[in-house]
Amino acid sequence: QVQVVESGGGLVQSGGSLALSCVVSGNIYSIYSMGWYRHAPGQQRELVADITSNGVTNYGDSAKGRFTITRGNMRHTADLQMNDLQPEDTAVYYCYAQNVVTREMENGDHWGRGIQVTVSS
């Protein structure tokens, strides 16, 4: 069974940094893309960043120049380094894995449960 687990959230002061990690476990054969979305109260869910298996990255406007997404050597992990955090970055951050293929030849998209990031002013 495929599981997506996030870690690394928490509370940070304005201008500070946090690193989020995402691990996809299971009998994985390949993952096309991994990324992060965030959802703040009263707002729509928005893309933060994603990265393909070939290392092609895509950033949401709010993340450009401040956040960096990377994939691990095993390509089943995705880390998000967030710098110069601001109160408007406060949200629940969700990791997702797109087009996950298992060795049982199952194929699907999977989401983590989310992790809270809070930035105080």
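Residues are numbered from 1 along each chain as its sequence is written, and side-chain values use heavy atoms, with hydrogens and water left out. Since the model is predicted, local features need pLDDT of at least 70 and side-chain atom pairs count only at pLDDT 80 or more, while totals for chains, interfaces and linings use all residues.

**Stop 1: the charged network**

Select Arg38 and Glu46. They form a salt bridge (a side-chain nitrogen of Lys or Arg within 4 Å of a carboxyl oxygen of Asp or Glu), and the closest N and O atoms of this pair are 2.6 Å apart. Arg38 is buried, at a relative accessible area of 5%, whereas Glu46 is partly exposed, at 28%. Buried here means under 20% relative accessible area, exposed means over 50%, and partly exposed is in between, with a 1.4 Å probe and protein chains only.

Strands are DSSP runs of E with at least two residues, numbered from the N terminus. Asp89 is buried, with a relative accessible area of 1%.

Next, select Arg66. Asp89 forms a salt bridge with Arg66 too, with the closest N and O atoms 2.7 Å apart. Arg66 is in the loop between β6 (57-59) and β7 (67-71), and Asp89 is in the loop between β8 and β9, so the contact ties together parts 23 residues apart in sequence. Arg66 counts as buried, at 17% relative accessibility. Show Arg38, Glu46, Arg66 and Asp89 together: salt bridges that share partners join them into one network.

**Stop 2: the disulfide**

Select Cys22 and Cys95. A disulfide (a pair of cysteine sulfur atoms within 2.5 Å) joins them, with an S to S distance of 2.0 Å. Cys22 lies in strand β3 (residues 18-25) and Cys95 in strand β9, so the pair ties together parts that are 73 residues apart in sequence. The torsion about the S-S bond is about -80 degrees, so the disulfide is left-handed. Cys22 is buried, at 0% relative accessible area, and Cys95 is buried, at 0%. The search of the whole structure finds one disulfide.

**Stop 3: the aromatic cluster**

A pair of aromatic rings is described by the distance of the centres and the angle of the planes. Rings of Phe, Tyr and Trp (its six-membered ring) pair if their centres lie within 6.5 Å; planes under 30 degrees apart count as stacked, over 60 as edge-to-face and the rest as tilted. By this rule the count comes to three aromatic pairs.

Select Tyr37 and Trp111. Their pair is tilted, at 5.5 Å centre to centre and 55 degrees between the planes. Tyr37 lies in strand β4 and Trp111 in strand β10 (residues 107-111), so the pair ties together parts that are 74 residues apart in sequence. Tyr37 is partly exposed, with a relative accessible area of 21%, and Trp111 counts as partly exposed, at 38%.

Finally, select Arg45. Arg45 lies over the face of Tyr37, at 5.2 Å from the ring centre. A charge sits over a ring if NZ of Lys or CZ of Arg is within 6 Å of the ring centre and within 35 degrees of the ring normal.

Technical notes
Helix = DSSP H or I, 4+ residues; strand = E, 2+ residues; numbered from the N terminus.
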